[in-house]
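Hello,

Here is the structure I promised to send over. Please open it first, then read my notes below.

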Amino acid sequence: MKIKLIVWRQNSPTDKGRFETYNCDEVSPDMSFLEMLDILNEKLILQGQEPIAFDHDCREGICGACSCTINGVPHGPEKATTTCQLHMRKFKDGDSIYVEPFRAKAFPVIRDLIVDRGAYDRIIAAGGFVSVNTGGAQDANALPISKHYADLAMDAAACIGCGACAAACPNGAAMLFTAAKISQLAFLPQGQPERKKRAIAMIKQMEEEGFGACTNYYECEAACPKEISVRFIAKMNREYMMARMFSE
Amino acid sequence: MVLFNYLKSTILSKVVMAVTGVLLVLFLFGHMLGNLQVFIGSEAYNSYSQFLQSLGEILWLIRIVLFIALVLHIITSIRLKLLNRCANPTRYEVKNYVKATLTARTMIWTGIMIFCFLAFHLAQFTLRITDDESKNMKDMNDKNYSMFLKDPRGSVEINKDKYFYAEGIKIMKERHDTYKMVVKGFRNPLISLLYVVAMVILVFHLNHAIQSAFQTLGLNHPNYWPCIQRSSFWVSLLIGIGFCLVPLSIMLGFVGAGV
């Protein structure tokens with residue numbers, strides 16, 4: 001396969017950045033998108049040029065490290081798939097592909113395709129955890145949770161925090177991420193003691209990070225590699241309204 | 001001001017957008033049903049118009065509530081738009097939308113166009129300042145008057161000048177001829193065209209708005225969500241068609257041929 005890559009290059013956070021075009025002539029349809037970038041980088045290194053900087057880690061779609069907006073869609077055109085699991089067979093021979101970093105004010109570019117997603121960590125640090133001392137491990141059946149709620153909590157917990165939701169959102173909003181992280185604990189008994197405090201603190205942090213507001217475009221749901229539903233945003237809105245109205 | 005503290009929270013801002021939006025949609029639905037009485041005839045239409053005018057304080061209460069809803073809706077939308085622009089300052093070179101519909105992406109623009117239309121609409125039919133003639137269109141409440149004379153239910157007291165009293169209720173003998181004003185107004189093809197175009201824009205706005213209000217208020221459950229999404233389209237289309245029927249049937253001569 002022959003692929004023309006138009007890649008965003010930016011030397012530092014303060015650099016203005018520009019697009020550069022690379023022609024990849026021997027792309028195998030079985031390569032993943034990141035493997036194609038690896039091979040391009042090796043070629044660039046041999047030519048004495050700077051390789052393209054991009055984030056990656058597990059390369060099996062579970063860590064949330066890889067990013068990249070490919071042809072205007074975070075993680076590329078394939079539904080429910082991270083960039084590392086996207087294969088070149090999804091493209092056609094002779095395609096031109098635009099590769100850009102995740103864009104949002106709260107995700108500043110560090111270099112090329114790498115952005116700082118620390119804002120998500122700070123939202124978690126604001127309350128996305130259970131801080132009640134649990135003592136020794138208790139009996140597995142001492143805390144009954146119905147299958148229904150266990151499933152819902154797991155659906156929300158599928159979020160890998162990759163940042164695609166905020167990158168896909170025309171408003172740069174991180175509602176889907178924050179909603180998933182608030183919901184996963186709100187469904188479970190362990191999350192109850194800090195439920196209201198958590199909703200208010202995490203949403204406050206989300207706003208302070210400079211993320212936008214939700215206008216229900218549902219682009220986040222479409223881009224999410226883990227198919228988190230916008231239902232959780234509706235749940236977060238309920239959680240927030242209840243917390244604001246009834247917290248002691 | 002304490003009243004505007006909600007603007008600091010993105011979610012509360014959205015809730016205000018949804019609640020004020022729901023109020024405005026309910027008003028639109030009632031307004032549309034009222035308008036459709038033009039098909040019953042001039043008597044029914046003018047009586048309805050007179051009934052609204054006779055509400056007095058209640059009419060003003062409705063007007064004030066709608067005005068506050070509209071002002072909050074506009075202020076909040078502008079503030080959210082500015083915030084969202086700020087949160088996503090660098091645009092993608094290539095952007096492919098997957099789920100964001102055209103109607104969702106043009107909400108602020110359709111909203112501004114509807115506001116401009118609303119200003120014209122109020123000037124034309126409520127303040128009646130676009131056309132000198134429309135101010136002085138009087139309809140003699142003759143049919144009701146003679147009906148009451150023929151069949152005086154309760155005590156009928158006749159005041160020769162302006163009113164008659166039936167069952168102690170004061171009824172204007174002379175009232176504004178809303179029917180004539182509307183028919184003459186819509187006989188102008190440009191005015192009719194403007195109204196139809198404005199209603200198409202309104203359908204665009206409501207198509208995204210109605211389901212969006214449910215989502216924002218947290219009313220999204222798999223049992224009824226598909227129904228809400230479909231209804232959002234059909235309800236907005238119904239409102240749009242209901243409003244368009246009036247200018248279209250006047251232009252085609254189905255209504256108001258005798259005026």
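Let me start with a residue in chain A. Glu78(A) is partly exposed, with 26% relative accessible area. Keep in mind that this is a predicted model.

Glu78(A) pairs with Lys90(A) in a salt bridge, with the closest N and O atoms 3.5 Å apart. Both residues sit in the loop between strand S4 (73-74) and strand S5 (96-100) of chain A, so the bridge ties together parts that are twelve residues apart in sequence. Lys90(A) is partly exposed too, at 45% relative accessibility.

Lys79(A), in the loop between S4 and S5 of chain A, reaches a distant part of the chain. Its partner is Glu227(A), and the closest N and O atoms are 2.7 Å apart. Glu227(A) lies in the loop between helix H7 (219-223) and H8 of chain A, 148 residues away from Lys79(A). Lys79(A) counts as exposed, at 61% relative accessibility. Glu227(A) is partly exposed, at 46%.

Over all chains, the count is 18 salt bridges.

Now chain A as a whole. It has eight helices and seven strands. Its C-alpha trace spans about 65 × 40 × 35 Å along the principal axes. Of its 248 residues, 53% count as buried. Among contacts in chain A with a separation of 6 or more, 69% are between residues 24 or more positions apart.

One helix is worth a look. Which residues of helix H3 (residues 147-157) of chain A are buried? They are Leu152(A), Ala153(A) and Ala156(A). Seen down the axis of H3(A), these residues fall within an arc of 100°, so they line one face of the helix. An α-helix has 3.6 residues a turn, so residues three or four places apart point the same way. The cover over the buried residues of H3(A) includes helix H5 (175-186) and helix H8 (231-246) of chain A. On the face turned away from that buried side are the exposed residues Lys147(A) and Met154(A).

Next, the interface. Chain B gives 38 residues to the contact and chain A gives 44. Together they bury about 3500 Å², with 54% of it on carbon and sulfur atoms. In chain B, the residues that lose the most area to chain A are Ile11(B), Tyr92(B) and Gln215(B), together 20% of what that side buries.

Polar pairing also runs across this interface. There are 27 residue pairs in polar contact. By class, the side of chain B that touches chain A has 17 nonpolar, 14 polar and seven charged residues. How many salt bridges cross between chain B and chain A? The rule finds one. Lys99(B) and Glu221(A) meet there through their side chains, at 2.4 Å from N to O.

Last, Ala100(B). This residue lies in the loop between H3 and H4 of chain B. Leaving out residues up to four places away in sequence, Ala100(B) touches Tyr217(A), Glu219(A) and Arg105(B). Ala100(B) and Met251(B) are 151 residues apart in sequence and 37 Å apart in space, C-alpha to C-alpha.

Best wishes

Key. Residues are numbered from 1 along each chain as its sequence is written. Chains are lettered from A and ligands numbered from 1 in the order in which they are written. This is a predicted model: local features need pLDDT of at least 70, side-chain atom pairs count only at pLDDT 80 or more; totals for chains, interfaces and linings use all residues. Side-chain values use heavy atoms; hydrogens and water are left out. Contact means heavy atoms within 4.5 Å. Buried area is the accessible area (1.4 Å probe) that two parts lose on being put together, summed over both. A salt bridge is a side-chain nitrogen of Lys or Arg within 4 Å of a carboxyl oxygen of Asp or Glu. A polar contact is a pair of N or O atoms within 3.5 Å; within protein, one must be able to donate a hydrogen and the other to accept it, and residues adjacent in sequence count only if both atoms are side-chain atoms. Ala, Val, Leu, Ile, Met, Phe, Trp, Tyr, Cys and Pro count as nonpolar, Asp, Glu, Lys and Arg as charged, and the others, Gly among them, as polar. Buried means under 20% relative accessible area, exposed over 50%, partly exposed in between (1.4 Å probe, protein chains only). Helices (H or I, at least four residues) and strands (E, at least two) are DSSP runs, numbered from the N terminus. The arc is that of the directions from the helix axis to the C-beta atoms.
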